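Me: I'd like to learn how to read the features of a fold from its coordinates. Can we walk through one together?

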Amino acid sequence: MDKESFRTIESLGRGELIEELMEYNSVNRDELVQGYGDDCAVLENKGTGGYQLLSSESFMEGVDYDLTYVPLHHLGYKIATAAVSDIYAMNGTPEVVLVNLSVPNKISVDMLKEIYRGIGAAGKDYEFQIAGGDLTASHQTLGVSISCYGSVPKNRIIYRKGARQGDAICVTGDLGGAAAGLRILMREKKFWREQEQQQAFQPDLSDYEYVVRRQLVPVARKDFIERLSDLNLSPSSMIDLTQGLVSELKHLAGASETGAYFYQAALPISLDTRSVADEMKEDVDKYALYGGEDFELLFTLPEQKVEKLADEFSDFTVIGKITDSSEGIRMQKAEGDVAVFDGREE
């Protein structure tokens, strides 16, 4: 293959790459209601009359985590949270997970048990069972993959598509905390590597406890899904925040064939996250817009339903509204001018 014909994944983009790969699918099952393009695959369960939800997450050492500062039980909990969060993004209930591990020689039996201890802790919190999986060897790096299986009644499922012009754009919790935690952990690793004698040390992270926990031990929003059920409320669309607000808003608006207008001043950012950005001399809004791994839920609601939710659930913020698709994704800055987010999805 000559250099001119070699296409890099970066040049194509994630979304277009998936489209091209899926061209090789040669079978269409009647049971499949939704394939790629949402947080989960959706299959009709003819036995129950509901839907089966399937999600998967893969974390690779050196790409998605660094064992220098990521405890193995935290790694297990985090990847389980990532898989479960996709189920919650479809308004579903997680039930069973399969765990696949690619293990190099540097990982001991007790280290593997630590990963499973974290997954087991997540199972207790999110009420899923570990049903099995696969174990294989790896030359150098540790790989962890989890597939999560859940369910949702047909009349309760929520897709990325479904947002309508005029709907309020809402987000649970706060944004950018995971990115702030990562910046702190990377700084401490850099400090350790610059020492003349690299000895084991435990940095004092007590001042950064909130953001470090947001990075190492994120929590999926089971509480929000349960409250929606209690109130018999269904957002018109929903997606979990794994790649940052801008990226996920593009996914949601693209699937719904709409635009979106939101306000920089409305972005929910904790004081702890702001303090880290100030200390790093960085723009805290970039943490919120592009940071990712917050595992909050981005959703849309007709305006008349927002007040009903607010009366019973306070941990969410209205950040904007759904607009016509011709307007694209726009943000009104604090100074009053408008930023436009366009281009290929990352």
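Reply: Start with exposure: a residue is buried under 20% relative accessible area, exposed over 50%, and partly exposed in between, using a 1.4 Å probe and protein chains only. Bear in mind that this is a predicted model, where local features need pLDDT of at least 70, side-chain atom pairs count only at pLDDT 80 or more, and totals for chains, interfaces and linings use all residues. Numbering runs from 1 along each chain as its sequence is written, and side-chain values use heavy atoms, with hydrogens and water left out.

Me: Which residues of helix α9 are buried, and which are exposed on the other side?

Reply: Helices are DSSP runs of H or I with at least four residues, strands are E runs of at least two, and both are numbered from the N terminus. In α9 (residues 271-280), Thr-273, Val-276, Ala-277 and Met-280 are buried. They line one face of the helix, because seen down its axis they fall within an arc of 100 degrees, taken from the directions from the helix axis to the C-beta atoms. Leu-271 and Asp-278 are exposed on the other side.

Me: What do the buried residues of α9 pack against?

Reply: Look for contacts, meaning heavy atoms within 4.5 Å. Here the partners are α5 (177-193), α6 (209-216) and α10 (284-290).

Me: How many residues does the largest nonpolar core have?

Reply: Such a core is a set of buried Ala, Val, Leu, Ile, Met, Phe, Trp, Tyr and Cys residues joined through side-chain atoms within 4.5 Å. The largest one has 95 residues, and those with the most contacts inside it are Leu-142, Phe-224, Leu-245, Phe-262, Leu-298 and Leu-309. Helix α3 (residues 72-89) supplies the largest share, 11 residues. As for Leu-298, leaving aside neighbours within four places in sequence, its contacts include Ile-169, Val-171, Met-238, Leu-245 and Leu-252.

Me: And the strands: how many bridges join β2 to β3?

Reply: Two strands pair if DSSP finds at least two bridges between them. Strands β2 (residues 41-45) and β3 (residues 50-60) run antiparallel, joined by 5 bridges, with Asn-45 opposite Gly-50. They form a hairpin with 4 residues between them, and Gly-49 in the turn has a positive phi of about 80 degrees. β3 also pairs with β6 (residues 143-152) in the antiparallel sense, over 10 bridges, and there Tyr-51 stands opposite Val-152.
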